[in-house]
Amino acid sequence: QVQLVESGGGLVQPGGSLRLSCVASGNIYILRDMAWYRQGPGKKRELVARIKMSFNTDYADSVKGRFTISRDNAKNTVYLNMNSLKPEDTAVYLCNVQAQDVSGDNVEVWGQGTLVTVSS
């Protein structure tokens with residue numbers, strides 16, 4: 001099994017910054033795509049940012065220029081640096097990883113989510 005543990009959420013004022021972390025553990029052989037999704041109040045889950053094994057990245061239009069996704073393969077960790085936060089960024093942020101486990105199975109794993117609240 002592969003597990004994900006997220007951290008770094010909290011309450012921040014508009015214009016502020018936060019850094020989210022997601023650590024993968026368990027029977028990991030390869031970590032492939034790593035991504036952050038979010039689900040705001042009354043909204044559908046949406047992709048925020050994705051980073052591939054090649055380190056190529058994709059971002060939602062709403063966060064381009066403000067958020068940066070990165071990964072540290074040695075630590076099995078993906079980060080999301082969030083700057084210039086807006087109230088509309090308020091959401092539960094969920095880590096998503098596609099991996100191959102030591103049995104050779106391809107798995108997709110979700111974290112439990114971390115709440116980000118942007119409010120004055």
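Reader: In what order do the elements of the chain run from the N terminus on?
Author: This is a predicted model, where local features need pLDDT of at least 70, side-chain atom pairs count only at pLDDT 80 or more, and totals for chains, interfaces and linings use all residues. Residues are numbered from 1 along each chain as its sequence is written, and side-chain values use heavy atoms, with hydrogens and water left out. Helices (H or I, at least four residues) and strands (E, at least two) are DSSP runs, numbered from the N terminus; the chain has 0 helices and 11 strands. So the order, going by DSSP runs, is β-β-β-β-β-β-β-β-β-β-β.

Reader: Which residues does the disulfide join?
Author: A disulfide is a pair of cysteine sulfur atoms within 2.5 Å, and searching the whole structure turns up 1. One partner sits in strand S3 (residues 18-26), the other in strand S9 (residues 91-101), 73 residues apart. The S to S distance is 2.1 Å, and the pair is Cys22 and Cys95.

Reader: Is Cys22 buried or exposed?
Author: Buried means under 20% relative accessible area, exposed over 50%, partly exposed in between (1.4 Å probe, protein chains only). Cys22 has 0% relative accessibility, so Cys22 counts as buried.

Reader: What radius of gyration does the chain have?
Author: It's taken over C-alpha atoms, and the globule rule is 2.2 Å times the number of residues to the power 0.38. For 120 residues, a compact globule would come out near 14 Å, and the chain agrees, with 14 Å.
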